[in-house]
Structures are given as structure tokens and as C-alpha cells.
Amino acid sequence: MGGGVLARLALLVLAVQISGCALPAREKAGALRAEVVARLGPPTASFPLPSGERLLYSELPAGFAAYNLDFDARGRLVRNEQVLTQARFENLPVGVWTAADVQRTFGAPLRVERVARFEGDIWTYRFRQNSDPRLAHVHLDRQGVVRLVMFTDELPHFDNARD
């Protein structure tokens, strides 16, 4: 390896180490809300809960994870969960949950689409199943009720211009 390559590699390793210091996944139960926000910065979204508040930190659109950090009424972290998973989407209460429930749990979708064979919106979320990039498609009817959840593989974008 040349000196330039080694220097770039060293900078990359340093950047990963520095950025690795403040990750939602590392926040532990009992942490104070103010301390968490000081470490992680402002959340992507926040939602009131019956006994506290949820701070959502999402990596979308580029990433594959979203973390729900739930705080009790005293501002202490009681739960930290990465929610963009196959299991979470598979167990989504179809016919019960609304768009508000989906957004409070998973955050804003990667994209919102419509198709001819469904009367409503389809919210798409990226996630990883093992190391495979996948997409969850949450179908919401015109009243905003979840009617179906489907999964597809996320295919890489090929650059045919270089061929």
C-alpha cells in the first residue's frame, strides 16, 4: 500500500472511532434525557407517551436502523430499542394500527407511494435482515389504518454507464 492509501485508511479508522462514541444503541437504562440529547444531538422526532416521552433517532434515508428511546415521567431512559427489524414489521397489528402508530414506532418512512391496486398510501422502510438490505411496505388505507405489510429485497443500483 502506498503512503496516501495508508493515510486515508488511518483517517477513516479515526473517523469511525470518533463517530462511534455517540450511538443510540449505546444508551443505557437510567440515563437522563438531557444527557442523552447532549450526546446524540436532537432526535429525528419525539412523541408523548402515556408515562413519559419517546425520542426517535432514525438513520433513514441512508441507513437501516431507527432507535426508540423511551423515557419515564422523570426523564430517565427505561427502554432502548432498534425497531427497523423484520420481526417488528411482521408483528405490526394489521387492521388495528393507524398511520400515527406506525410513525410513532418507526418514524417517517423512506418514501410514500401509491399503486393502482390499492386505495391508500404505501409507506416504505429500509432495514437489514442479517446482512441483507430489505424493504418493508406498510399499506395504509384511506382512513390511515394498516391493511397489509409486505417485504421485498432492496436491489443495488447498478451503474451501467461505466460498461
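**Notebook: a walk along the chain**

Helices (H or I, at least four residues) and strands (E, at least two) are DSSP runs, numbered from the N terminus. With that noted, I began with Asn130 and found it in the loop between β6 and β7.

Before going on, I wrote down that this is a predicted model, in which local features need pLDDT of at least 70 and side-chain atom pairs count only at pLDDT 80 or more, while totals for chains, interfaces and linings use all residues. Residues are numbered from 1 along each chain as its sequence is written, and side-chain values use heavy atoms, with hydrogens and water left out.

**Entry 1: Asn130.** I looked up its backbone angle: Asn130 is not a glycine, yet its phi is positive, about 60°. Is Asn130 buried or exposed? I noted the cut-offs: buried is under 20% relative accessible area, exposed is over 50%, and partly exposed is in between (1.4 Å probe, protein chains only). Asn130 has 75% relative accessibility, so it counts as exposed.

**Entry 2: a cis bond.** Next I checked Pro61, in the loop between β2 (52-58) and β3 (66-72). The peptide bond that runs from Leu60 to Pro61 is cis, and its omega is near 10°. My reminder for both entries: most residues other than glycine have a negative phi, and most peptide bonds are trans.

**Entry 3: the whole chain.** I went through the elements and got four helices and eight strands. Starting at the N terminus, their order is α-α-β-β-β-β-α-α-β-β-β-β. The chain has 163 residues, and 37% of them are buried.

**Entry 4: the cores.** A nonpolar core is a set of buried Ala, Val, Leu, Ile, Met, Phe, Trp, Tyr and Cys residues joined through side-chain atoms within 4.5 Å. Which residues touch the most other members of the largest one? I found Phe89, Phe106, Tyr125 and Val138, out of 17 residues in that core. At least two residues of this core come from each of α4 (99-106), β6 (120-129), β7 (132-141) and β8 (146-153). I also found a second, separate core of ten residues, with Ala31, Tyr67, Leu69 and Leu77 among them.

**Entry 5: Ala99.** I ended in helix α4, where Ala99 sits. What does Ala99 contact, leaving aside its neighbours within four places in sequence? Taking contact as heavy atoms within 4.5 Å, I listed Trp123, Leu140 and Gly144. I also looked up Gln143: it is 44 residues from Ala99 along the chain, and their C-alpha atoms are separated by 8.9 Å.
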